[in-house]
Amino acid sequence: MSAMNRKLIQTLAETISKHVKHFNKTEVECLIREFNVLLGEQTIPGKAVTGLDRIQFRSILHNIFKMTDDMIMDGVFRAFDKDNDCFVSMKEWIEGLSVFLRGTLDEHIKYCFDVYDLNGDNSLAREEMFPMLKNSLIRQPTEEDPDEGIKDLVDITLKKMDHDHDGKLSFSDFEKSVKEENLLLEAFGTCLPDTTSIEAFEQRVFQEQLYQ
Ligand SMILES: [Ca+2]
Ligand SMILES: [Ca+2]
């Protein structure tokens with residue numbers, strides 16, 4: 001466990017909680033502790049650690065939030081890693097969780113779009129939709145060529161969501177579509193946790209605080 005002391009954690013929580021929408025100061029403190037525990041498991045003495053790397057972060061998504069799709073987990077990592085330094089820092093962890101666990105529809109729309117935007121160019125192209133739809137839909141190998149079906153699905157999705165008809169989905173195409181039909185929020189794969197894992201996580205991380 002990191003040697004970070006109580007006073008330092010409180011000061012950090014004070015600062016971070018000012019910028020985080022859905023957690024109070026005590027909850028931020030708990031999330032800092034949890035972050036240190038998750039980080040501490042792989043801390044090499046004498047080496048400064050900037051945050052959770054992709055592998056650590058993916059194992060958290062897998063173990064705690066039951067995610068299994070590699071492409072989606074990488075997307076979630078990118079959505080949390082706002083400054084693109086390939087680490088999820090403490091601040092990114094807490095700000096990311098605020099949206100991940102308790103975000104509003106608007107925050108979730110932005111988050112899901114970031115997850116699905118594999119190359120980070122602020123639009124969803126056919127080449128991005130295709131593998132995601134394929135991963136989320138094809139569970140069992142079939143006799144027929146599944147790619148044809150997925151191609152059709154990409155066409156149908158574009159027809160429905162591409163409001164400005166440029167052959168790809170901009171953020172505003174995506175936002176408009178999801179506002180009209182909320183089910184389209186996770187159209188390209190499940191990237192938000194289900195209620196059960198949210199409750200389990202919050203209960204464990206926030207309740208433990210009471211007994212310290
Ligand atoms: Ca980062
Ligand atoms: Ca893109």
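Analyst: Here are some questions and answers on this model.
This is a predicted model, where local features need pLDDT of at least 70 and side-chain atom pairs count only at pLDDT 80 or more, while totals for chains, interfaces and linings use all residues. Residues are numbered from 1 along each chain as its sequence is written, and chains are lettered from A and ligands numbered from 1 in the order in which they are written.

User: How many helices and strands does the protein have, and what makes a run count as one?
Analyst: There are ten helices and two strands. Helices are DSSP runs of H or I with at least four residues, strands are runs of E with at least two, and both are numbered from the N terminus. Along the sequence the pattern reads α-α-α-α-α-α-β-α-α-β-α-α.

User: Why is V154 called partly exposed?
Analyst: Count its neighbours. A residue is buried with 20 or more other C-beta atoms within 10 Å of its own, exposed with 12 or fewer, and partly exposed in between; C-beta atoms are placed from the backbone. V154 has 19 within 10 Å, so it is partly exposed. V154 lies in helix α8 (residues 146–161).

User: Which residues does V154 touch?
Analyst: Leaving out residues up to four places away in sequence, V154 touches R126, M129, F130 and L133. Contact means that two C-beta atoms, placed from the backbone, lie within 7 Å.

User: How do you know what span to expect for helix α6?
Analyst: The expected span is 1.5 Å times one less than the number of residues. Helix α6 (residues 105–116) has twelve residues, and 16 Å is expected. From first C-alpha to last, α6 reaches 16 Å, close to that value.

User: Which residues of α6 are buried, and what do they pack against?
Analyst: I109, Y111, C112, F113, V115 and Y116 are buried. They pack against α4 (70–80), α5 (90–102), β1 (123–124), α7 (126–137) and α9 (171–180).

User: What makes a group of residues a nonpolar core?
Analyst: Such a core is a set of buried Ala, Val, Leu, Ile, Met, Phe, Trp, Tyr and Cys residues joined through C-beta atoms within 7 Å. The largest one here has 45 residues, and V28, L31, V76, W93, I94 and V115 have the most contacts inside it. Helices α1 (6–19), α2 (25–40) and α3 (54–65) are among those that each supply at least two of its residues. W93 touches L31, F35, L52, F80 and V88, not counting residues up to four places away in sequence.

User: Why might such residues gather?
Analyst: In soluble globular proteins, nonpolar side chains tend to be buried together.
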